[in-house]
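Reader: I'm new to this one. Could you show me how to read it, one feature at a time?

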Amino acid sequence: LNVQLCSMYICCVWLKYPDQYWRTGDLVSYFFVSIYSNFRYVELAELERLSVILTAMTLLIETYVPLLLWFRSTRLLAFVLGYGLHFFIAVGSTVPCLSLATMTLYCAFLTADDLARLGEYWRKARGALKGTAK
């Protein structure tokens with residue numbers, strides 16, 4: 001599964017970079033007015049700088065997440081970037097199933113140590129939340 005997830009990202013980036021709309025940063029603007037967007041507002045499509053930033057961020061995340069996942073020291077960053085990207089795609093798109101399926105593939109990179117650290121973070125966060133609720 002690790003190789004499949006990385007191959008998927010590599011293929012996506014390989015196919016997106018030559019595309020004119022991805023290169024110019026117009027893709028997100030077009031997406032905002034497409035039938036696949038949950039937020040079909042022309043006003044969003046007219047925000048050219050936002051479109052350029054979001055399009056470039058998508059390409060950067062899809063380029064670097066496969067590399068970051070392979071190293072334990074950068075795996076958490078890859079999870080945050082990848083899950084963040086796919087969360088917003090799932091929320092903003094009428095077709096969330098691809099993002100949800102991709103998010104489950106990230107679990108293939110988790111080790112027992114990662115799960116233990118995640119459990120410890122979770123316990124600390126719950127303890128901090130309980131402490132602020134008093």
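Reader: At what angle do the axes of helix 6 and helix 7 cross?

Author: Two packed helices are described by the angle between their axes and the distance between the axes. Here, helix 6 (residues 72–92) and helix 7 (residues 97–105) cross at roughly 160 degrees, with axes that come within 8 Å. Axes are lines fitted to C-alpha atoms, for helices over the stretch in contact, and angles run from 0 to 180 degrees between N-to-C directions. Helix 6 and helix 7 are therefore roughly antiparallel (angles over 145 degrees count as that).

Reader: Which residues make the contact?

Author: Helix 6 brings Tyr-83, His-86, Phe-87, Ile-89 and Ala-90, and helix 7 brings Ser-99, Thr-102 and Met-103. Contact means heavy atoms within 4.5 Å. By class, that's five nonpolar, three polar and no charged. Ala, Val, Leu, Ile, Met, Phe, Trp, Tyr, Cys and Pro count as nonpolar, Asp, Glu, Lys and Arg as charged, and the others, Gly among them, as polar.

Reader: What should I know about the model itself?

Author: It's a predicted model, where local features need pLDDT of at least 70 and side-chain atom pairs count only at pLDDT 80 or more, while totals for chains, interfaces and linings use all residues. Residues are numbered from 1 along each chain as its sequence is written, and side-chain values use heavy atoms, with hydrogens and water left out.

Reader: How many helices and strands are there?

Author: Eight helices and zero strands. Helices (H or I, at least four residues) and strands (E, at least two) are DSSP runs, numbered from the N terminus.

Reader: How much space lies in the largest pocket?

Author: Rolling a probe the size of a water molecule over the atoms shows where empty space is left. In this case the largest pocket holds about 870 Å³. On a 1 Å grid over the protein atoms alone, a pocket is an open set of points where a 1.4 Å probe fits, with protein on both sides within 12 Å along at least five of seven lines; lining residues have an atom within 4 Å of a point. A volume is the space filled by probe spheres set on the points, which are joined across faces, edges and corners. Of its 31 lining residues, Phe-31, Thr-58, Leu-85, Phe-88 and Ile-89 are the closest to the centre. Helix 6 gives the most, nine residues.

Reader: And which element gives the largest share of the second largest pocket's lining?

Author: Helix 8, with four residues. That pocket's volume is about 230 Å³.

Definitions and conventions: Parallel < 35°, antiparallel > 145°, perpendicular 65-115°, else oblique.
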